[in-house]
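Keep the viewer open as you read.

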Amino acid sequence: MSPGRSRGQTSDRRRGLPTGATPDRPDPVPHLWEWLGEPLAADFANTTKRRASVEVELLLRGEDLEAWTRHERGRAPEVRAEAAGARLEEVRAFRADVRAALHALVDGEPVPRAAAEALNARVRAVPLVTELRAGGATELCALGVPDPLDELFARVAHSAIELVRTSSLLGFCDAPSCGQFFARERANKRWCSEACGTRARVARHAGHRRA
Ligand SMILES: [Zn+2]
């Protein structure tokens, strides 16, 4: 995790500079990438965004995935726009498998077979090993010189499998204008932030009044 990540500080996530941006390197699309710093698989799953109750695609072009991988520097290889653009449908299909696995984890259900097979295929394609650095830090390294997009798929799949293996406290914030996976600090945390909890209660109240 690089300095400045706000993992766990969910209430701070929507304030200030987006993660990865610095004053001398402003983010060209800050509103798109406010959701960063969760486990890598969750960040990848969060590349769609809800506006009210409509799911909006954030990976419209190869440039979008390139920008996202730059924000994930240190955890993911940079994927060039051209390479990403040529395989965007594959990226979105893989993301659907990742989301299916994460939703199952959140709901305490078994991971669907198709999603599990998709994740396994990706980790088998680019083997990753944990190496020890002087001083005791560890680093997840890809063997060989893989294609950056294939390495990204493998790292995201590895992250998703680790979340399932360790029964991580992952949450899914079902509030309007959110719909994002987040790392929960406690099992009964339902919304990613107070703002989302408030918005969800207001929406529910409005729904009851209309009914
Ligand atoms: Zn939320």
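What follows goes from the core to the helix packing and then to a few loop residues.

A word on the ground rules: this is a predicted model, in which local features need pLDDT of at least 70, side-chain atom pairs count only at pLDDT 80 or more, and totals for chains, interfaces and linings use all residues. Residues are numbered from 1 along each chain as its sequence is written.

Start with the largest nonpolar core, which has 42 residues. A nonpolar core here is a set of buried Ala, Val, Leu, Ile, Met, Phe, Trp, Tyr and Cys residues joined through C-beta atoms within 7 Å. A residue counts as buried if 20 or more other C-beta atoms lie within 10 Å of its own, exposed if 12 or fewer, and partly exposed in between, with C-beta atoms placed from the backbone. The residues with the most contacts inside this core are Ala41, Val98, Leu102, Val156 and Ala160. At least two core residues each come from helices H1 (40-45), H2 (62-71), H4 (88-107), H5 (113-125) and H6 (148-165), and from strands E5 (170-173) and E6 (180-183). Helices (H or I, at least four residues) and strands (E, at least two) are DSSP runs, numbered from the N terminus. H6 gives the largest share of this core, 8 residues.

Now click on Ala41. Leaving out residues up to four places away in sequence, Ala41 touches Val98, Leu102, Val156, Ser159, Ala160 and Leu163. Touching, or being in contact, means that the C-beta atoms of two residues, placed from the backbone, lie within 7 Å.

Next, the helix pairs. Two packed helices are described by the angle between their axes and the distance between the axes. The axes are lines fitted to C-alpha atoms, for helices over the stretch in contact, and angles run from 0 to 180 degrees between N-to-C directions. H4 and H6 pack at about 10 degrees, with their axes 10 Å apart. That makes H4 roughly parallel to H6, a label for angles under 35 degrees, while over 145 is roughly antiparallel, 65 to 115 roughly perpendicular and the rest oblique. On the H4 side the contact uses Phe94, Val98, Ala101, Leu102 and Leu105, and H6 answers with Phe153, Val156, Ala160, Leu163 and Val164.

H6 also packs against H5, at an angle of about 125 degrees and with the axes 8 Å apart. So H5 is oblique to H6. The contact is made by Leu119, Arg122, Val123 and Ala125 of H5, together with H6 residues including Asp150, Phe153 and Ala160.

What does H2 bury? Its buried residues are Gly62, Asp64, Leu65, Ala67, Trp68 and Thr69. They pack against helix H3 (81-86), H4 and H6.

Finally, look at the backbone of two serines. Most residues other than glycine have a negative phi, and most peptide bonds are trans. Ser167, in the loop between H6 and E5, has a positive phi of about 45 degrees. Ser167 is exposed, with 9 other C-beta atoms within 10 Å. Ser177 sits in the loop between E5 and E6 and has a positive phi of about 60 degrees. Because 18 other C-beta atoms lie within 10 Å, Ser177 counts as partly exposed.
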